[in-house]
Amino acid sequence: MESVRRATQKDMSGIMGLMAKGVREGLLVRRTKADILDDIRDGDCFVFGDRRIRGMVFLAVYSRKIAELRSLYVEEPLRSRGVGGMLVNAALERARQKKVMEVMTITNRAKERWFGRFGFKEELNDFRVAMFLRPTDT
Ligand SMILES: CC(C)(COP(=O)(O)OP(=O)(O)OC[C@H]1O[C@@H](n2cnc3c(N)ncnc32)[C@H](O)[C@@H]1OP(=O)(O)O)[C@@H](O)C(=O)NCCC(=O)NCCS
């Protein structure tokens, strides 16, 4: 039976396929193959599906302090069946195992409520906020 599991290198082409789809739709940020392979080797990528990968998520661990939940994607026909939720929970469990202090995700306003279900908030401890800039733009 299909379930959420840790990705292996054999899943690489399926992952790249989903990634390309998400990037085309303007929902995911493109990532290099090397970057993705690193996360797979570290055990920080989770997928849904056996031979055909139908959902994925990455926990990009930047330090003990912070990790990013990224490239979350579930194929359209499979949505609203709890797969996205299972993927997020697998990544959050991994963050707990690695004793990461904070997990963030960058998303759009439309997904705020969805991520809120897991405890994600715009503010940390009700007073710290995340701020962004692109150094090449300033
Ligand atoms: C976000 C995404 C991963 C969710 O996957 P999923 O498998 O549908 O997730 P779940 O089944 O666990 O949750 C779906 C539930 O949340 C609800 N939901 C979906 N989008 C929502 C939103 N924007 N706000 C609030 N609730 C939402 C659905 O109605 C559904 O509820 P239901 O079960 O009562 O029908 C999926 O929609 C997706 O791949 N989207 C495109 C890629 C994307 O936007 N990724 C996030 C980039 S940061």
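Q: Before we start, what are helices and strands here?
A: They are DSSP runs, numbered from the N terminus. A helix is H or I over at least four residues. A strand is E over at least two. The model itself is predicted.

Q: OK, where does glutamate 2 sit?
A: Glutamate 2 is in the segment before β1, and β1 spans 4-6.

Q: Is glutamate 2 buried, exposed or partly exposed?
A: Glutamate 2 is partly exposed, as it has 14 C-beta neighbours inside 10 Å. The buried class needs 20 or more.

Q: What does glutamate 2 touch, leaving out residues up to four places away?
A: Glutamate 2 touches Phe48, Gly49 and Asp50.

Q: How far apart are the C-alpha atoms of glutamate 2 and glycine 49?
A: They are 5.2 Å apart, although 47 residues separate glutamate 2 from glycine 49 along the chain.

Q: Switching to the core. Which residues of the largest nonpolar core touch the most other members?
A: Those are Ile15, Phe46, Val47, Met56, Val57 and Leu87. The core has 25 residues.

Q: Which element gives the largest share?
A: β4 does, with five residues.

Q: Val47 was on that list. What is valine 47 in contact with, beyond its neighbours within four places?
A: Valine 47 contacts Arg5, Ala7, Asp11, Ile15, Ile53, Gly55 and Met56. Of these, Ile15 and Met56 are also among the core residues that touch the most other members.

Q: Now α1. How many residues, and what is its reach?
A: α1 has 13 residues. From first C-alpha to last it reaches 18 Å, close to the 18 Å expected at 1.5 Å a residue.

Q: Which residues of α1 are buried?
A: Ile15, Leu18 and Met19 are buried in α1.

Q: Why do they line one face?
A: Seen down the axis of α1, the buried residues fall within an arc of 105°, so they line one face of the helix. The general rule: an α-helix has 3.6 residues a turn, so residues three or four places apart point the same way.

Q: What covers the buried residues of α1?
A: The cover includes α2 (33-41), β2, β3 and β4.

Q: Which exposed residues are on the face of α1 turned away from the buried side?
A: That face carries Ser13, Gly17, Ala20 and Arg24.

Q: Take leucine 18. How many C-beta neighbours inside 10 Å?
A: Leucine 18 has 22, so it counts as buried. Not counting residues up to four places away, leucine 18 touches Ile53, Met56 and Tyr73.

Q: What follows α1?
A: Glycine 26 follows α1, and its phi is positive, near 75°.

Q: Which residue other than glycine has a positive phi near 55°?
A: Serine 71 has that value. Serine 71 is in strand β4. It counts as buried, with 23 C-beta neighbours inside 10 Å.

Q: And where is aspartate 126?
A: Aspartate 126 is in the loop between β6 (123-124) and β7 (128-129). Its phi is positive, about 60°, although it is not a glycine. Aspartate 126 counts as exposed, with 8 C-beta neighbours inside 10 Å.

Q: On to the ligand. Which residues come nearest?
A: Arg79, Ser80, Gly84, Gly85 and Thr107 come nearest, out of 18 residues around the ligand. β4, α3 and α4 (112-116) each give two or more residues to that shell.

Q: How does the shell divide into nonpolar, polar and charged?
A: Seven residues are nonpolar, seven are polar and four are charged.

Q: Last one: where does leucine 78 lie, and what is it in contact with?
A: Leucine 78 lies in the loop between β4 and α3. Neighbours within four places aside, leucine 78 contacts Arg54, Gly55 and Val83. Leucine 78 is partly exposed, with 15 other C-beta atoms within 10 Å. Leucine 78 and valine 61 are 28 Å apart, C-alpha to C-alpha, and 17 residues apart in sequence.

Note on methods. Residues numbered from 1 in each chain as written. Predicted model: local features only at pLDDT ≥ 70, side-chain atom pairs only at ≥ 80, totals over all residues. Core = buried A, V, L, I, M, F, W, Y, C linked by C-beta atoms within 7 Å. Buried ≥ 20, exposed ≤ 12 C-beta atoms within 10 Å, placed from the backbone. Contact = placed C-beta atoms within 7 Å. Near = placed C-beta within 6 Å. Nonpolar A, V, L, I, M, F, W, Y, C, P; charged D, E, K, R; others polar. Expected span 1.5 Å × (residues − 1). Arc of directions from axis to C-beta.
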